[in-house]
Amino acid sequence: MIAPNRNIYRILLVLSFLALNGGILYGISQVFLFLNTGADRTSMLNLTKKSQQVYLPKIIWKDTLNPGRTMESQTLSEIQQDYLDAWYVKNVAYKANDSFGINDFYTQNARKNLYKTIDDNSSKKVHIEGTTIKHNTHLDFYSADGQLVVFTDKNVKEYQRIYKEDSLLLEKETLTAYKVMMLLEDGFWKIRHMVKEANLLEQDSIESNKKTVVINGKIMVKEEPFYIKGINYYPQKSPWDMFGDNFDIDVIAEDFEIIKAAGLNTIRIFVQYEDFGKAKVSLDKLTKLRSVLDLAEQENLQVVATLFDFYGDYSILDWTLTHRHVEQIVSEFKNHSAILAWDIKNEPNLDFESRGKGLVLSWLKEMSNQIRDFDPNHLITIGWSDPESAKLLLDEIDFVSFHYYRDLEDFVDVYDTVLSKIDKPIVLQEFGLSSNKGLWNPFGPSEEDQASYYKDFQKIMTERTMHYMSWTLYDFTEVPSSVVGKLPWRKHKQKHFGFIDKDGKQKKAFEFITDK
Amino acid sequence: MNLKQGIHVFTLLFVLFLSIGFTMVTIDSTDDITIVEFPDKKTVLAGTEITINYKLSEQVSAQLFCHTSYGSTIIDGIFKNGETVFKFPEYISKKKGLVDYTLVYNNKKLHTSTLEILTNKNTETHMESYLGPPSIIAGGMDYAMLVVVPTDDYDNPVADSTEVIIRHQFLNLEKEDIYLSDSFIGWKNIFSYEQSGRILVSSEVQNTNSKEYAIEVFPAQAEDFVIRCKRKHEYADGNQISSFITSAIKDQFDNIVVDGTLVEFSITNTSGMLLKTYGTTINGIAEGKMLHPDKKELWNVTAYVVGMGMSKTIDVAYKPILEDYTVVFKDDNRKIIIGPISSFMKQILPDGAILKLKIFKDDTLLETKIKTSSKGYVIFNIEQSFFPNDTYTLIIEGLGVLKEFNDLQL
């Protein structure tokens with residue numbers, strides 16, 4: 001009995017020795033690691049910092065003819081940059097009631113006015129979050145020595161949220177004209193005078209090619225009524241990352257054939273805000289998106305493109321960046337006949353709680369204006385996550401989209417109540433059932449349950465000639481944590497919503513992918 | 001927990017719920033507030049006290065949101081004679097421009113209107129003037145621009161069509177022009193005259209006068225000119241200095257070019273080589289200097305103000321100072337004494353004249369020795385260690401004389 005005991009002691013001794021040494025080594029390595037962090041060594045070189053674009057409202061120089069001196073394009077772009085920066089520092093200053101940066105963009109006399117406003121607002125506990133969205137500048141005068149410029153900025157679209165003691169007092173959108181004098185001082189164009197003037201509205205006319213329209217509650221495509229029988233689409237290997245490194249147009253082409261053969265006529269795809277390059281959309285991503293759209297056109301599939309996926313900032317000073325993002329995407333494809341609609345954002349109502357309902361709705365409203373300005377040819381919708389939100393922003397959209405993952409039994413009730421209030425086409429943009437019966441969910445729905453769910457749903461939808469888009473074509477093997485979080489049972493559920501399983505075999509539900 | 005306790009707890013909760021339920025009921029009276037009298041102000045002079053008066057159906061604490069040229073703010077109303085009065089803070093009432101205001105009560109916009117604040121002409125006028133560029137070229141093509149930005153005492157730009165008087169003086173001329181301001185400014189292009197000099201500029205708006213500004217008018221581009229040569233003697237002694245002097249260089253309007261204008265003197269000698277010297281002008285005259293050649297020469301000299309004007313070419317000839325000099329060989333021809341070298345008046349040549357000795361063997365140049373004269377003599381030594389005893393050909397060159405000694409035994 002003694003010998004094994006001794007062996008156990010030996011083993012324990014050796015193991016604890018190893019563990020102690022391991023611990024010491026780990027400790028030392030951590031100290032080394034810590035000593036090696038800190039400022040990047042290249043910072044010694046004081047290299048020029050790359051300036052980041054933080055404020056990008058649309059600015060258009062309507063004319064630069066003036067009696068003084070011919071405007072050079074280089075100078076014009078410097079004036080434009082400094083003028084917008086002046087607006088930016090002003091917006092930031094009024095948001096925080098802090099005068100940081102004002103000196104650089106307002107001359108000594110002009111900055112006094114801002115300081116006084118800041119002091120007053122600060123003492124009244126008022127702060128204002130604002131941004132300008134559009135500027136239309138007309139040059140009035142540029143002096144011969146190139147040091148002084150006067151211009152009129154018309155139809156300045158300004159959006160402001162005014163807070164008193166941190167609670168929102170009101171929200172205001174204004175269209176204003178300003179006459180501005182700027183002087184070149186210390187290499188900066190600084191504002192010397194700024195006078196608000198009467199604004200004479202000038203409307204830019206926007207012509208639609210009427211490829212997609214909504215008439216009498218019906219979606220029309222090329223003058224024919226169109227009923228959406230669609231599916232939310234991600235390639236099986238790259239869910240939530242369709243345009244990433246694994247982008248393979250051949251795989252997508254095969255999928256589109258499957259979708260077409262199944263009798264569907266529409267797909268919904270997702271354009272991610274960060275992945276596409278935020279305010280500076282990458283050409284590579286646009287090319288990929290174009291090839292997908294071209295393919296859809298070949299297969300005669302309509303596309304609902306959901307923008308701003310994984311975007312969640314909404315802060316007012318970020319607005320103009322999102323506007324430039326959408327401008328580059330939407331105007332690029334404004335004549336593409338594969339597109340049925342731009343879906344501004346997927347389930348924005350989920351951000352109401354964290355970002356504020358008012359802020360999110362204002363952002364969506366302005367975004368719908370932006371999209372319509374840049375692409376009058378395609379429809380606009382918002383993919384609400386629940387039927388209750390569907391009544392929001394009805395004036396901004398062409399058709400209503402909502403998602404439904406609740407009990408099938410309640411659907412008819414909910415749908416009929418939503419429908420009765422809304423006179424725009426209604427699209428059930430996401431619905432589905434995960435056949436995730438297994439380790440993580442032993443009592444969950446099986447493939448048979450999923451099939452009968454779709455069967456019943458098709459019946460309801462046929463009776464009501466509903467527009468629908470199911471979730472989704474494939475079962476996935478990987479689901480990024482950014483979608484449903486890190487919890488394995490949640491991920492597991494997301495992996496089994498497909499009509500086709502991970503081996504490429506059609507599941508039982510596939511039979512009911514359409515109503516045929 | 002027995003049954004009795006359970007009933008107690010239930011009753012307690014029930015009463016709690018009821019009380020919450022009843023306290024939640026409040027009357028929201030926002031919709032009842034109506035505006036009985038609207039403010040009637042449309043335009044106000046800057047600097048005057050500005051109040052916006054509303055008569056509301058009830059005395060409630062409403063707020064006024066103001067959107068102005070430089071920013072926005074919220075003004076709290078006060079009650080006065082049954083009206084709700086909003087007094088603009090000074091920094092708003094002193095600044096020109098439209099003020100959009102919105103009456104807000106309980107986060108609702110009740111009324112929106114606009115007030116225009118005008119420049120106050122009754123206050124003292126101030127002026128900022130911007131003149132540029134500060135210097136221009138004579139001849140009437142170039143101009144400087146004067147931009148006058150008049151403001152009232154509160155730093156508001158004056159209204160359009162305010163008279164701006166711009167005066168300028170040049171030599172005997174004094175001129176006054178009246179302009180109407182537009183886009184905050186009055187401005188004038190002041191063109192140069194044919195003469196160079198200084199134009200003085202000033203301006204006046206609403207009886208306020210600016211200070212004096214000056215535009216420097218510089219002469220235009222140099223025209224062609226002539227040069228002459230000034231020298232102590234005409235001998236090529238390699239010692240004295242010749243000066244080349246321009247006439248007064250002028251522009252097409254007879255203005256003498258600016259002091260410091262660079263003139264390049266370009267000299268071509270007999271063998272086609274180019275020599276250059278430079279001078280800058282004072283009162284239009286530039287002087288370039290060059291050491292005399294050390295042999296007979298004919299120089300062609302032309303001067304340029306590069307890219308603008310040039311002189312006529314002049315020829316300058318130099319006479320040789322001597323025809324020949326004596327060469328004496330000593331120490332088995334290894335020591336060569338040249339001299340005495342005498343100059344044009346038989347005086348001993350000043351030190352520093354250059355002579356060359358070239359040593360050839362069978363038509364191959366072995367070495368060139370260069371020495372300068374000292375006290376009228378140049379002495380060359382040909383060392384035995386470098387040149388063993390043999391026959392060599394020696395050539396002596398300098399001061400325009402060339403002497404050849406063939407197959408000399410060393």
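This is a predicted model: local features need pLDDT of at least 70, side-chain atom pairs count only at pLDDT 80 or more; totals for chains, interfaces and linings use all residues.
Strand S2 of chain A spans residues 126–142 and is mostly covered, with 12 of its 17 residues buried. S2(A) also pairs with strand S1 of chain A, residues 58–63, here in the parallel sense and over five bridges. Within S2(A), Asn136(A) is the residue opposite Ile60(A).

Chain B is divided into four parts: domain 1 (35–118), domain 2 (126–218), domain 3 (227–320) and domain 4 (327–409). Between domain 1 and domain 2 of chain B, the C-alpha centres are 41 Å apart. Contact between these two domains of chain B involves six residues of domain 1 and five residues of domain 2.

The contact between the chains draws 34 residues from chain A and 32 residues from chain B. On the side of chain B, two or more residues each are given by strand S4 (63–67), strand S5 (72–76), strand S8 (97–105), strand S10 (126–132) and strand S12 (143–151). Of these elements, S8(B) supplies the largest share, five residues. By class, the side of chain B that touches chain A comprises 14 nonpolar, 13 polar and five charged residues.

The largest nonpolar core has 81 residues, and those touching the most other members are Met182(A), Ile191(A), Leu64(B), Leu146(B), Val147(B), Val148(B) and Ile215(B). Helix H2 of chain A, residues 73–96, contributes nine residues, the largest share of this core. Not counting residues up to four places away in sequence, the contacts of Leu146(B) are Ser129(B), Leu131(B), Ile166(B), Trp187(B), Lys188(B), Ile190(B), Val201(B) and Ser203(B). Another core, of 77 residues, lies apart from the largest one and includes Ile344(A), Ala390(A), Leu428(A) and Met461(A).

Key:
Residues are numbered from 1 along each chain as its sequence is written. Chains are lettered from A and ligands numbered from 1 in the order in which they are written. Domain bounds come from an automatic or database domain assignment. Two residues are in contact if their C-beta atoms, placed from the backbone, lie within 7 Å. Helices (H or I, at least four residues) and strands (E, at least two) are DSSP runs, numbered from the N terminus. Ala, Val, Leu, Ile, Met, Phe, Trp, Tyr, Cys and Pro count as nonpolar, Asp, Glu, Lys and Arg as charged, and the others, Gly among them, as polar. A residue is buried if 20 or more other C-beta atoms lie within 10 Å of its own, exposed if 12 or fewer, and partly exposed in between; C-beta atoms are placed from the backbone. Two strands pair if DSSP finds at least two bridges between them. A nonpolar core is a set of buried Ala, Val, Leu, Ile, Met, Phe, Trp, Tyr and Cys residues joined through C-beta atoms within 7 Å.
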